[in-house]
Protein chains: 2
Amino acid sequence: MEMLLGQFLRDQREHLQKKDKKYSLRQVAARMGINAAYLSRIERGEPLHLSEEKAIALARDLSIDADVMLALNGKISKDVQEIIKKRPQLFAELIRNLKEMPDNAILRIVRVERDGNW
Amino acid sequence: MEMLLGQFLRDQREHLQKKDKKYSLRQVAARMGINAAYLSRIERGEPLHLSEEKAIALARDLSIDADVMLALNGKISKDVQEIIKKRPQLFAELIRNLKEMPDNAILRIVRVERDGNW
DNA sequence: GACAATGTTTACTGTTTAGTATACACTAAA
DNA sequence: TTTAGTGTATACTAAACAGTAAACATTGTC
């Protein structure tokens, strides 16, 4: 469930690499500011973790959604964490209640909130 | 914003201790399975962190809401984290959208979801 | 006054996190 | 054919995390 990160990154990187050789493991690693060996181990599925900063840099480079990247990397964005920690009871209850809800029901809430129709 | 944990715990523990001497620092620490020295340092405001397990044990012992306890301890419950990580885009967007919403508006969503009126 | 229990301080510990540096084997290009 | 670039394996590391053990001064109880 989490080990998918490696293969996912490799697939995405190699896909980009076919069209542009700047997506070699070494060059991607260099752009995101880490050692190539470390990225290699992650792509090979070793249970390692990138810092939020590096994970986001990698997501940008490979055109992956940052929240998805973080989740595959076993984390949740700090800004989202901070929102929850300010009202922990409220948000914990909300999230637990939404656990089994289908996406479209949750999306409806997102939309209603964004449009402010309350 | 986070340093409040120590004073909060001390207040709550001393409050209970007035009515029942089993709420001494040493005895509470013993019941939750940690060293008294560590709990002392936390209550004094040193920037230390309890594991989720110990934090929840302490919350139980002192009749504090577990999610509040975890938040003061700088964390979010693993079960809540897992829910978010399964649908990271969806939940991240939802939470960011609810950031500025007042409690009662969020409570309304919680209640609607729980009652299943969709 | 003795003894137990309280909270505190200091120094130390093993584990995890988030990496680096170096050397290696392989392939592609000049 | 040497040279540049690719991914990989191994060994190492500094800092943070989550504590423990022991000694200490203070307060409460018999």
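Is A:Asp103 buried, partly exposed or exposed?

Reply: The model is predicted. A:Asp103 has 40% relative accessibility, so A:Asp103 counts as partly exposed.

Start with the salt bridge of that residue. The side chain of A:Asp103 meets the side chain of B:Arg87, with N and O 2.6 Å apart. This pair crosses between chains: A:Asp103 sits in helix H8 (residues 103-115) of chain A, and B:Arg87 in the loop between H6 and H7 of chain B. B:Arg87 has a relative accessible area of 18%. The cut-off for buried is under 20%, so B:Arg87 is buried.

Next, take B:Asp103. Its salt bridge partner is A:Arg87, and the closest N and O atoms are 2.7 Å apart. B:Asp103 belongs to helix H8 of chain B, while A:Arg87 belongs to the loop between helix H6 (78-86) and helix H7 (88-98) of chain A, so this pair joins two chains. B:Asp103 is partly exposed, at 41% relative accessibility. A:Arg87 is buried, at 18%.

A further salt bridge links B:Asp79 and A:Arg96, at 2.7 Å from N to O. What does each end look like? B:Asp79 is partly exposed, with a relative accessible area of 36%. A:Arg96 is partly exposed too, with 33%. B:Asp79 lies in helix H6 of chain B and A:Arg96 in helix H7 of chain A, so this pair also joins two chains. One general point applies here. Side chains of opposite charge can pair when their charged atoms come close.

Now the totals. The rule finds 6 salt bridges across the interface of chain B and chain A. Over all chains, the structure holds 16. The interface also has 16 residue pairs in polar contact, both residues being at pLDDT 80 or more.

Which elements of chain B supply the side that touches chain A? Those giving two or more residues are helix H5 (66-72), helix H6 (78-86), helix H7 (88-98) and helix H8 (103-115). H7(B) gives the most, with 11 residues. By type, this side of chain B divides into 20 nonpolar, 5 polar and 13 charged residues.

As for extent, 38 residues of chain B are in contact with 38 residues of chain A. The two chains bury about 4100 Å² between them. Of that area, 70% is on carbon and sulfur atoms.

For contrast, look at helix H3 (residues 36-43) of chain B. Its buried residues include B:Ala36, B:Leu39, B:Ile42 and B:Glu43. Down the axis of H3(B), the buried residues fall within an arc of 125 degrees, so they line one face of the helix. An α-helix has 3.6 residues a turn, so residues three or four places apart point the same way. Among the elements covering the buried residues of H3(B) are helix H1 (4-19), helix H2 (25-32) and helix H4 (52-61) of chain B.

Both ends of H3(B) have a detail to check. B:Asn35 caps the N-terminal end, with a side-chain oxygen 2.8 Å from the backbone nitrogen of B:Ala37. Just after H3(B), B:Gly45 takes a positive phi of about 95 degrees.

B:Ala29 lies in helix H2 of chain B. B:Ala29 is buried, with a relative accessible area of 0%. Beyond its neighbours within four places in sequence, B:Ala29 is in contact with B:Ile34, B:Asn35, B:Ala36 and B:Leu39.

Terms used: Residues are numbered from 1 along each chain as its sequence is written. Chains are lettered from A and ligands numbered from 1 in the order in which they are written. Side-chain values use heavy atoms; hydrogens and water are left out. Contact means heavy atoms within 4.5 Å. Buried area is the accessible area (1.4 Å probe) that two parts lose on being put together, summed over both. A salt bridge is a side-chain nitrogen of Lys or Arg within 4 Å of a carboxyl oxygen of Asp or Glu. A polar contact is a pair of N or O atoms within 3.5 Å; within protein, one must be able to donate a hydrogen and the other to accept it, and residues adjacent in sequence count only if both atoms are side-chain atoms. Helices (H or I, at least four residues) and strands (E, at least two) are DSSP runs, numbered from the N terminus. Ala, Val, Leu, Ile, Met, Phe, Trp, Tyr, Cys and Pro count as nonpolar, Asp, Glu, Lys and Arg as charged, and the others, Gly among them, as polar. Buried means under 20% relative accessible area, exposed over 50%, partly exposed in between (1.4 Å probe, protein chains only). The arc is that of the directions from the helix axis to the C-beta atoms.
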